[in-house]
Amino acid sequence: MKRASLRGQMAVQCIRGFTATPRGRTYATGMGHQNPKEYRWKCPKGYTNEKLAHENFQMEFLSPDQDKNDLAVLQLHGGGYIGTLRNAYRRAALQYSICSGGGSVLSPDYRVVPEHPFPAALKDAVSAYRWLTEEKGFPPEKIVIAGDSAGGGLALALGLYLKDHGISMPAGFILMSPWTDLTLSGESLKYNYGRDPLFGRSKVTMLYDSLYPGSEDVSNPYISPLFGDYHGFPPMLFQAGGREVLLDDTLRVARKVKESGVSVRNSVYPDMFHVFQLAMGMLPESKEAWREIRTFFRMIFGTKKRH
């Protein structure tokens, strides 16, 4: 069996581990994402995961019990603006804490469609960032904003909002396969159509006819951050899989960021699928991606290794 076929099977197995998809409804459509049937997540020993009510949404704040440093990560989860916070992102929060050498991680369960189209998710992301800076006292230069897929697009939209409104920017951004172009103009939607094990070979996916923009222009940079201005942004790390239909969403915005004079690293893992990082230890490429994230934290903060 060819390597590509094996990778496709592994993708399906990994995604099944992320969320339950009842009666064969696929991950790609977004069905079943809002209230996934998952086991009760147990916070690892040595950490505390505090559940918080904040205005119109819930948040979770993970932090080490000992050897905690003064860094924070704002994690904005993916799910096509349909999915809610789930166990895959609680595991990711733990990885962000480890990679940052003992940082705390805030994961807002921001409002999603169909009940809450744009700008609800962006407003919640702004509120979560303000909570870190104003309520918890983390200075912006000690915060990294991270996001995957739709959460990666939301992270970029949050950065654009902060810049436009004169709010101090964080120290950096980590973007995993960010969904940056809801106009769907990327060429990879075509050339990876038959190669993407998650979103390929069908247009019955959460990528098409998204409810998130509501009545707004889909090319609004707060909805499609590809069209934003990145001058003055802090260092950024982009990661994407070479087989995904949204590859151009990463390549084009990373190129734009670089042309804006921003320090940027853009890593494409050739045989990987969308948000392969969430496979954690199941794939060597996922392990490598998290090592790269650890290096990014060291680059901007000089953090020490945490086991």
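**Spaces inside the model, and a serine in a loop**

The largest cavity holds about 40 Å³ of space. The model is a predicted one, so local features need pLDDT of at least 70 and side-chain atom pairs count only at pLDDT 80 or more, while totals for chains, interfaces and linings use all residues. Residues are numbered from 1 along each chain as its sequence is written, and side-chain values use heavy atoms, with hydrogens and water left out.

On a 1 Å grid over the protein atoms alone, a cavity is a set of points where a 1.4 Å probe fits but cannot get out, whereas a pocket is an open set with protein on both sides within 12 Å along at least five of seven lines; lining residues have an atom within 4 Å of a point. Points are joined across faces, edges and corners, and a volume is the space filled by probe spheres set on them. Searching the whole structure this way turns up 2 cavities of 30 Å³ or more.

Around the largest cavity sit Trp 41, Asn 49, Glu 60, Phe 61, Leu 62, Arg 90, Ala 93, Val 105 and Ser 107. Two or more of these come from each of strand S2 (57–64), H2 and strand S4 (104–109), and S2 gives the most, with 3 residues. Helices (H or I, at least four residues) and strands (E, at least two) are DSSP runs, numbered from the N terminus.

Then there is the second largest pocket, with about 180 Å³ of space. Its lining is made up of Tyr 39, Arg 40, Trp 41, Cys 43, Asn 49, Lys 51, Glu 60, Asn 87 and Arg 90. Strand S1 (47–54) and helix H2 (87–99) each bring at least two residues to that lining.

The disulfide count is 0, a disulfide being a pair of cysteine sulfur atoms within 2.5 Å.

Elsewhere, Ser 260 lies in the loop between helix H6 (247–259) and strand S8 (264–269). Ser 260 is buried, with 13% relative accessible area. Leaving out residues up to four places away in sequence, Ser 260 touches Tyr 230 and His 231 (contact means heavy atoms within 4.5 Å).

Terms used: Buried means under 20% relative accessible area, exposed over 50%, partly exposed in between (1.4 Å probe, protein chains only).
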